[in-house]
Amino acid sequence: MDLSSLEIFRAVALEHSVTRAAQRLQRAQSNVTTRIRQLEDELGTPLFLRDGKRMTLTDRGQAFLDYSERLLALADEARQAMHPQQPGGRLRLGSMESTAASRLPGPLSRFHGQCPEVELEVSTGTSQALLEGVLARRLDCALVAWPEDKGPWQEEVASLGLEALPVFEEELLLVLPAGHPPVDGPADVRVNGLAGFAEGCTYRQIAENWLSADGRPQPKVQQVGSYHAILACVAAGSSVGILPRSVLELQREPSRLGQLPLMQVPTLLVWRQGYATASFEAFREVLRNAG
């Protein structure tokens, strides 16, 4: 087993296809197929379920992918550590959907201009999933929300073996269907639906906690995958939603939905204690100057 085999395995796992993995790696398809079979023979277990041309990980394959991600990340970190003043290699950034849409385009463009040799991978998810990704070494760093009711972030971040830097401050808005009567508190909300992301989303949890205050029943959550979908659900009149003002300001037309400012929530850049490649430090400095 070598790093090249792990890179091929990872590409097939992510692409679900030998053909697309070969294109991504600029290798012959036959070479990718052979290397996967050799790896399975070496490990003594099938890593993929083959359904025609589609490749799906087995349970053992999924477990091996987690190990592969960590090994490849450590190898890349070791290579970068040999050139502490020269940004390069791969930097895997996780971000909340809202932050990627409203805050990152400018900083990412500046970072690419300063460090064009860095291969930057950006993925999105809930704050909880992003924290887990950093801890499991699937991500090098991530942008997550940290509400005040979780307590001072410094102590809890340190207890997880992480470091953090506050980079943005978001004003969260409760958005209501057009024509909804004015709202001063949870008791004034007349719909019991909440459009939000999957569990683990900090903003969704804030909304659920706020709406169920004073003994009100938990809202019925309609789980969606984008802020456009949240706004569509609210516009349809069946739900309320919660989102940063910076996201609402991205809309082409002024929103006709009702708005209630709820709170300010900081966005933290988090990373593992001791992680200090030149690429990451350059990116952190770009974000430090963008807030």
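Strands here are DSSP E runs of at least two residues and helices are H or I runs of at least four, numbered from the N terminus. The model is predicted: local features need pLDDT of at least 70, side-chain atom pairs count only at pLDDT 80 or more, and totals for chains, interfaces and linings use all residues. Residues are numbered from 1 along each chain as its sequence is written, and side-chain values use heavy atoms, with hydrogens and water left out.

**Strand pairing**
- Strands β1 (residues 48-51) and β2 run antiparallel, joined by four bridges; pairing takes at least two DSSP bridges.
- T56 in β2 stands opposite L49.
- Two residues lie between the strands of this hairpin, and G52 takes a positive phi near 65°.

**Aromatic pairs**
- Phe, Tyr and Trp rings (for Trp, the six-membered ring) pair if their centres lie within 6.5 Å; planes under 30 degrees apart are stacked, over 60 edge-to-face, the rest tilted.
- The count by this rule is six aromatic pairs.
- F111 and F283 form an edge-to-face pair, at 5.4 Å centre to centre and 80° between the planes.
- This pair links helix α6 (residues 105-114), which holds F111, to helix α12 (residues 278-288), which holds F283; the two residues are 172 residues apart.
- F111 and F283 are both buried, meaning under 20% relative accessible area (1.4 Å probe, protein chains only; exposed is over 50%, partly exposed in between).
- F9, F48 and F64 form a cluster through ring pairs.

**Charges over rings**
- The criterion is NZ of Lys or CZ of Arg within 6 Å of the ring centre and within 35 degrees of the ring normal.
- R70 places its charged end over the ring of Y67, 4.9 Å from the centre.
- R272 lies over the face of Y275, 5.3 Å from the ring centre.
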